[in-house]
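Hi,

Here is the structure I promised to pass on. Have a look at it first, and then read my notes below.

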Amino acid sequence: MHREELTRWVGDTDAFLDRHWRTAPAVFRPGPGAGPAAPLSLEEIDTAVAGGLLRVPHLEIARAGDPVHSARYTRARTVAGVTTPGYADPDRVRELLAEGATLVLRNVEHWHPATRALTHALEAELGRRVEAFFFVTPPGAQGLDLHRDDADVLLLQGTGSKRWTVRGGPAGPDWGPGEVADGGPALLADTLCAGEVLYIPRGFAHEAVGGEGLSSHLSLTIREVGAQQLFASLQRLLLDSLPLPARPLDDAALHAAAELLLDRFRTRLPELTPASLVEHARLAQLAEGTVPGLGGNPGIAALAARLGTPRDPAASAA
């Protein structure tokens, strides 16, 4: 399979999938013009924050060991008599950054078309949902303590530099994302500069500290399904379109509904394979992550063009 976008991030995709995917962190340093291009600039972030329409949870301020409450960097806005809290306060955001906090923009693909185009391309190549997060960290600052993510991460350093330490993965399947006290010995310790890429396998503990200049990086989280999604897909595959009565009125009707269920299971279960169940769950997860309005469908401007432009009355009179 041709993976054009992934190639820009990791170079030889076959080598990446064989040697690193889910097993080992790695740094990739593409040559000039060969690596991925950051879809979002600091100037665009400045415009978005200053515009005042970004809200929690799309925007967050983080500082390792010192959680920053949203009340410190947001304010309410009143529109048509309705007051809604949680909007970014540009002045407070800048003040907290100057004090050493980290700006986190969550799910940038929800509102930034170029970022959505990037995540959509990688989703098509990897068959998994991809979400985009953007981090801005002052020199010497740390946004998050040592933690695990429930996703594989590909991140691109945009400006400045950042020192990363990646440790081991979970010991078994019963683990959860979040902060960890000890991730074991360091498997990778390296400083990323502009244009360089870091891959962190799913669940591998990691932390980072801002280096020279204002560090900014784009993190692409590649989601994988779990047991809960497999169970939900199994239910859909077995039970969709089955005409079960909602409330059987007597024992005979209840037994008839039970027999209908068993017949469906006997018929469809032999047709299912582990691969088909996983594929269904991944496709369902992709569908859940679809962002309305950013999928290439015609927008309002296209509608205006289709409806036509009213003729100028003065021109008609002439």
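Strands β3 (residues 74-79) and β4 (residues 82-88) pair in the antiparallel sense over five bridges. Strands here are DSSP runs of E with at least two residues, helices are runs of H or I with at least four, and both are numbered from the N terminus. Two strands count as paired if DSSP finds at least two bridges between them. The two form a hairpin with two residues between them, and Ala80 in that turn has a positive phi of about 55°. If you want a spot to look at, Arg75 stands opposite Tyr87 in β4.

Before you go further: this is a predicted model, where local features need pLDDT of at least 70 and side-chain atom pairs count only at pLDDT 80 or more, while totals for chains, interfaces and linings use all residues. Residues are numbered from 1 along each chain as its sequence is written, and side-chain values use heavy atoms, with hydrogens and water left out.

Next, the charged pairs. Side chains of opposite charge can pair when their charged atoms come close. A search of the whole structure finds 18 salt bridges, meaning a side-chain nitrogen of Lys or Arg within 4 Å of a carboxyl oxygen of Asp or Glu. Here are some of them.

One joins the side chains of Arg22 and Glu224, at 3.4 Å from N to O. Arg22 lies in the loop between α2 (13-19) and β1 (26-28) and Glu224 in the loop between β14 (215-222) and α6 (227-239), so this pair ties together parts that are 202 residues apart in sequence. Glu224 is buried at 10% relative accessibility, whereas Arg22 is partly exposed at 28%. (Buried means under 20% relative accessible area, exposed over 50%, and partly exposed in between, with a 1.4 Å probe and protein chains only.)

Another is local: Arg94 and Asp91 form a salt bridge whose closest N and O atoms are 2.8 Å apart. Both residues sit in helix α4 (residues 90-98), three residues apart, about one turn of the helix. Arg94 is partly exposed, with a relative accessible area of 42%, and Asp91 is partly exposed too, at 46%.

Then there is Arg202 with Asp150, where the side chains meet at 2.9 Å, N to O. This pair links distant parts of the chain, 52 residues apart: Arg202 is in the loop between β12 (197-200) and β13 (206-210), and Asp150 is in the loop between β7 (147-148) and β8 (152-159). Arg202 is partly exposed at 23%, as is Asp150 at 29%. Salt bridges that share partners also join Arg22, Arg128, Asp152, Glu224 and Arg282 into one network.

Now have a look at Thr137, in strand β6 (residues 130-137). With 0% relative accessibility, Thr137 counts as buried. Its side chain makes a polar contact of 3.1 Å with that of Thr102; a polar contact is a pair of N or O atoms within 3.5 Å, where within protein one must be able to donate a hydrogen and the other to accept it, and residues adjacent in sequence count only if both atoms are side-chain atoms. Leaving aside neighbours within four places in sequence, the contacts of Thr137 (heavy atoms within 4.5 Å) include Lys162, Gly210 and Ser215.

Last, a helix pair: in α6, Leu237, Leu238 and Leu239 meet Leu261, Arg264, Phe265 and Arg268 in α7.

Cheers
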